[in-house]
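Here is a short note for a first look at this structure. Please read the points with the view open.

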Amino acid sequence: MQEKINNLKKEILDKLSQAKDSRFLKELEVFYLGRKGEFTKILRDIANVAPEERSAAGKFANEVKNEIQKKFNELKEKFEESSEDVKDIDVSLPGEKINIGHLHPITQIQYEIEDIFNSMGFAVLDGPELESDYYNFEAINIPPHHPARDMQDTFYIDLPNKDGENDLVMRTHTSSVQVRAMLKHGAPLKAIVTGRVFRSEALDVRHEHTFYQVEGFLIDKDINFSHLKGILELVGKKLFGPETEIRMRPKFYPFVEPGTNGEYTCNICHGKGCNLCKKTGWLEIVGAGMIHPNVLKAGGIDPNEYQGYAFGFGLNRLAQLKYNTDDVRLFNGGDLRFINQF
Ligand code: PHE
C-alpha cells in the first residue's frame with residue numbers, strides 16, 4: 001500500500017513540476033485529488049487493508065495527501081500572481097460592470113439647442129477654432145486698431161499663417177463663421193454655429209478663457225427686427241419654460257445695427273428678483289442685432305437686396321443657469337465629482 005502511495009506521489013510531483021499555468025494545474029487536481037481522482041481511489045482502498053495495518057496506512061495516506069495538496073495550493077498562488085497565467089473562463093459568471101460615460105453637460109445643452117434650431121430649419125455649421133484676424137474681426141466690421149477690439153481680450157498667435165502673415169488668433173466668438181458661411185453658401189441663409197471660443201480673461205466664477213457659444217443667423221428678403229425678437233422669445237420659452245419673457249435693450253456690437261442685449265425673465269425667481277439675477281428679475285443671456293451692411297458686403301451679399309439678423313448665446317452661461325451652478329470654471333475643470341452629477 002505504502003509503495004503504491006509513494007509511487008503515485010512521485011508521479012503527481014513529477015507532473016506538478018511540469019505545470020505552467022492554473023488551467024493545467026486544475027486538470028491535474030481533478031485527475032488526482034478530485035472525487036473520482038487517482039489518489040482519492042487509494043484513500044478509498046484503505047478500507048480494504050487488513051485491520052492491523054489500516055490505521056498506519058490511513059495516517060500515511062493522509063499525510064501524503066496533505067503534502068500534495070499543499071504543493072497544489074502553493075502553485076495555485078504562484079500562478080495567480082503571474083500576469084501570463086492561463087485560467088479557465090467560467091462563462092456562467094456574471095460579467096464585470098463596465099462604466100459607461102455620458103455626454104458632458106455643455107454638450108447636452110449644445111445638442112438641445114441644435115435640436116431646437118434644426119426643427120425650425122436651421123443648418124448646423126462649423127468653423128475653425130484657430131482663425132484668421134480677418135474673419136474674427138475685420139470681415140465683421142471690426143477694423144485693426146478699432147477700439148471695439150477691446151471688447152474681447154484676444155489670444156493673438158505668434159506664428160505666421162500659410163501665406164507667411166501674422167494673422168492668426170484663437171477665435172473670440174462664433175461670429176467668426178458668419179462671413180465664411182455667407183461666402184460659402186450665399187443668401188438666403190439660415191444656420192447656427194456651435195463651438196469653442198477663447199479669450200484672454202482674468203478667471204473668476206463667471207469668466208473662463210475657454211468656453212462655448214452658439215451663434216445663429218438668418219439672411220433673407222424683408223427680414224426685420226421683429227423676426228429676431230420672435231425667434232429669441234421662442235428659444236427662451238423652449239429653454240426655460242413657456243412663461244419666460246424677453247426684453248431687449250440697445251447694446252453696441254460692431255457687426256450688427258441696431259444691436260441689442262436680450263434678457264430673459266430669471267428662471268430661478270421668475271422675475272421677482274433673487275441673487276442670481278442680482279435682484280433685477282432679468283438674466284442677460286444673448287447678444288443680437290440686425291447684421292451690419294458691411295458684414296453682408298464682406299460675405300458677398302447685397303445689403304440692398306437682403307437683410308439678416310444674428311445672435312450669440314454663451315453655452316456655459318446657459319448650462320450654469322440650467323443647473324444653477326455658481327462657478328463656471330467647474331465645467332471645464334476636469335473634476336469628475338462635478339461632471340458625474342449630470
Ligand atoms: N459675438 C458676440 C459676443 O461674443 C455675440 C453676438 C453675436 C452679438 C451676434 C450680436 C450678434 O459677445
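1. A nitrogen atom of the ligand lies 2.8 Å from an N or O atom in the side chain of Ser 175. A polar contact here is a pair of N or O atoms within 3.5 Å. The protein covers 92% of the 320 Å² of accessible area that the ligand has on its own (Shrake-Rupley method, 1.4 Å probe).

2. Some ground rules. This is a predicted model: local features need pLDDT of at least 70, side-chain atom pairs count only at pLDDT 80 or more, and totals for chains, interfaces and linings use all residues. Residues are numbered from 1 along each chain as its sequence is written, and side-chain values use heavy atoms, with hydrogens and water left out.

3. Two further side chains reach the ligand. His 173 has a polar side-chain atom 3.0 Å from a ligand nitrogen atom. Gln 213 places one 2.9 Å from a ligand oxygen atom.

4. The shell around the ligand has 14 residues (a heavy atom within 4 Å). They divide into six nonpolar, six polar and two charged; Asp, Glu, Lys and Arg count as charged, Ala, Val, Leu, Ile, Met, Phe, Trp, Tyr, Cys and Pro as nonpolar, and the others, Gly among them, as polar.

5. Which strand gives the largest share of the shell? E9 does, with three residues. Strands E5 (210-220), E8 (282-291) and E9 (307-314) each supply at least two. Strands are DSSP runs of at least two residues, numbered from the N terminus.

Notes: A polar contact is a pair of N or O atoms within 3.5 Å; within protein, one must be able to donate a hydrogen and the other to accept it, and residues adjacent in sequence count only if both atoms are side-chain atoms. Helices (H or I, at least four residues) and strands (E, at least two) are DSSP runs, numbered from the N terminus.
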